[in-house]
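Let's take a walk through this structure together, one piece at a time. Keep the 3D view open while you read.

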Amino acid sequence: MNRLVLILVFLLICTFSDITAGQPYCLTRTYDERDGLPHHIVNKILQDRNGMIWVATWNGLIRWDGYEFSTITPSPESGLRKYSLSFNDIKADANGKIWCFLDECVVLFDVDTYQFYDLQADIEKRLDTTVKVKRIAYSDEDDIVIVLTDGRCLYFDIGQMKDMDNPVEAMEERVDESRISFKRTSERQLGDVHPFKKAELTFSRKDDSGNVWVITRDGRVLNAPSEHHPLSLMATFDVPDASLRYCCDDNQGNLWLRSRYGLHKVTLGNTSYSTVRSPRPSRLWALMIDNDGKIWLSWSDANYLCVMDSIEASMRYLTPDGHLSSTPVEFGSQVYGITQVSDSMIWLASKNNGLFRLTRRSDSNDSFSVDKYFNESGYSMKFYDIAVDGFGRLWISSMKKGIYVVENPAASAPEFKSLVELGGYPDKASRVRNISIIGDTLAVAATTGGLLCFNVPDSIGEGRIRYTVHTSDPDRPSSLGNIITMGVEVGNDGSLYVATASDGINRLVSPLSPDLSENWNFESCRKHYRRIPEVTLALTKLPDGRIMIVGNKEICLMDPEKKEEVTVFGQGYWHDNIDFKEVKPLMLPDGRWIMGMKNGAIVDRLDENYDRSVGFPIEFTGISVEGEEMRTIGHDCTDITLLSDERALTVTFAALCFSDPKSIRYAYRMADDEDWKNIGTTRSLTFTHLDPGEYHIAVRSTDTLGRWLDNEKVLIVKVMPTFWETGLAKILYVIVALGIIAAILATIRYMRKIRRQQRETLEAYLKLLESPKSNREEETDDSESVVSSVETRFSPDDRSVISSVVEFIENNFSNSSISVDDMAAAASISRSSLTRKMKSLMGVTPADFLKTTRLKRAAVLLQNSNLPIKNIAVDCGFADINYFGKCFKAVYGVTPGKYRSDRNT
């Protein structure tokens, strides 16, 4: 009977409690084959010194990095394929080795190198007999003891093993188990916990807050505020055969349990925040701290308007007649906006009943006179927000008919003016969520049709207010990202920040001024701050200048001075599925924040030290070369070498976070002087067409709040060159290039020499033939001697051919009908042979030589004789004087007559 009374009293207290301090939470997760675990029967779990989780299963040794399970199997070279892959137990020592107990044998696994060692074979070699292992255990000194089936115990001194190549060198054989002191690790710290006996529990503990936690062998997780309170069921695991067993705690506070149904993780703790709720489930829609420091809260769904002296104090409820009641009383309207105009006056905007003015009664600080105002024009009463300008006027937003202004809010009969009725008000901005007055000259309102901006005039009248609505324009990238705006805030740098319904936070790039330009330029902050949610419900400014952003499921802190600096308080921080609402967070005098949610409100400091004490080391977990199957790598794998024909590489990595890995973000860079490249939640990098050389792939991560950690890890990749990419090959390339250049230069020199010799030969014969033979004086003319010197380069056959041709031309100079065939016949060779030979010796064809010789002699005769030009043409073998003139001009650039006159001038 007494117990029932206590329970009823407890329930009554809970019913009327306004704020609930940090509550215990329990997060559970089961992993089985559906998650990649190779076998659902788990025999042991441990965490190694590098932070990795290892699982012993009936189907191998499994690595868990927080994202995926990897089976680690012995290489064929280790000789361990002869043993079973059923791992019955694993123990970790201080040297980084995992002692693995298989079916009646034991092997070692190095967590740094990922190598297995056949310890069983070394033991049998040392003892010179076959042995069967019964179990492995820790001694009181944390050394390893292997118990054999025949009762003998093999004691391994872990300290001595550190400097030994063979572990059996540190082995000491002892007689039996009874003479060994084994370390007993208590999995149940509290013994019997009513109503459970110790044998029914797999885990029990009292945390730092005094909470008692109990996990039963059949899978129930229970909690109580202390040993004297009844246990409450927090979660259950599906283990009907009571096979649940505790294995270990990891360094992040998670509990790891095993059963015949998989691997189980349990996270136990107490939330850092408090919750505030109204007696009936309701959203918190409006918040305000008045000049007396009292906190006003509007529970819109329940029609409660509450006042609290402090956040921990009890709620008092404003009654329709203006009194404060300690018991729940409905105000009667859904209040969406609360604004204090003076010490004695507060205005309320309600969604369904218009506006209210609360005036503090002179005889009581806790009592108000209530005046209610409806719009006389019959417009909708959906008022959402109230702002006060520097003239003491009220600007009231509605979700139907735009904005109203009250010039005399303290008057006995305040006058309401509709900006729509004053004219010029934009139709697209009729649904106004909230309004802000900036610098007493500019008003900015968040509407469902864009961002409304207008000037705040000295006096209200028709035509005195100018409006601009900024919307989303697909043809202008710098326009607002979305027309549905949720709120605005001015940062410490003077920038205007706008919360939108689907483009996160937009920042006004143009100067914030009352000029009301229609071409204000905006940019989405998601361009630099990727963690900002697309749907932003509200925003406000912190004292240090950061911007607080409310998303559906998270609270974000954005630092405008630091790109990518976003702290995200998501579900991993709240440990619950919280839905925030579009109420602007309010900072309490003690530095805590109150934030509205779907059912109630959260009060929290937003502890940015969360996760700071927990390191999330980066581990490279696998590599794939040229698209081959991914190969697991260990902690000590800090560099890899690719052969000359291996130019494609994929590496995987993980920050060892086992509580909330989905919140972790990654970045990488290839050199210390490069900027970090953010890759989000991606945990792999692929490189193709790698050039020979050495690459330093550095990876780092954030914590679960999105803050970058100093946990950089580097993997050195060396790409070997082919022979043709080596230094020797490059020297060879240079030598070959120089050889080619030298050959080209030699060829050019040779060709120039040949052309010079051809030119000299041609000029010698032309000189010889430029005047008739009868006019030459053998004693004084050196033409024949020049020809003789040139002919020394000829072979006897060439000399004979050229002499015959020259003599033929000399004898038939005036005969215009001679041809190349005649010249070839005179030399007793074919036409083609003559052409080839003269081309090689003189650089001209026989026909060109004949014509050039005739023109050369004609030029001499024109200059040295008075013969008529016609006679000269005929003497030189040109039957047609016109053809002679044409050929002469083509060579000498002037007509024969002009040539003669120029030479005789």
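Arg 857 lies over the face of Phe 813, 3.6 Å from the ring centre. A charge sits over a ring here if NZ of Lys or CZ of Arg is within 6 Å of the ring centre and within 35 degrees of the ring normal. You'll find another case at Tyr 155, where the charged end of Arg 174 sits over the ring, 4.1 Å from its centre.

Before going on, keep in mind that this is a predicted model: local features need pLDDT of at least 70, side-chain atom pairs count only at pLDDT 80 or more, and totals for chains, interfaces and linings use all residues. Residues are numbered from 1 along each chain as its sequence is written, and side-chain values use heavy atoms, with hydrogens and water left out.

Now for rings meeting rings. Rings of Phe, Tyr and Trp (its six-membered ring) pair if their centres lie within 6.5 Å; planes under 30 degrees apart count as stacked, over 60 as edge-to-face and the rest as tilted. That rule gives 39 aromatic pairs. Take Tyr 304 and Tyr 317: their ring centres are 5.2 Å apart and their planes are at 65°, so this pair is edge-to-face. Tyr 304 belongs to strand β25 (residues 304–308) and Tyr 317 to strand β26 (residues 316–318), so the pair ties together parts 13 residues apart in sequence. Helices (H or I, at least four residues) and strands (E, at least two) are DSSP runs, numbered from the N terminus. Elsewhere, ring pairs link Phe 878, Tyr 883, Phe 884, Phe 888, Tyr 892 and Tyr 899 into a cluster.

Next, a sheet. Strands of a sheet pair through backbone hydrogen bonds, either parallel or antiparallel. Four strands make an open sheet here, in the order β7-β8-β9-β10, with antiparallel pairing; two strands pair if DSSP finds at least two bridges between them. β7 (89–92) and β10 (115–117) are at the edges with a single partner strand each, so one side of each has no neighbour in the sheet.

Last stop: helix α8 (residues 796–811). Which of its residues are buried? Among them are Val 801, Ile 802, Val 805 and Phe 808.

Notes: Buried means under 20% relative accessible area, exposed over 50%, partly exposed in between (1.4 Å probe, protein chains only).
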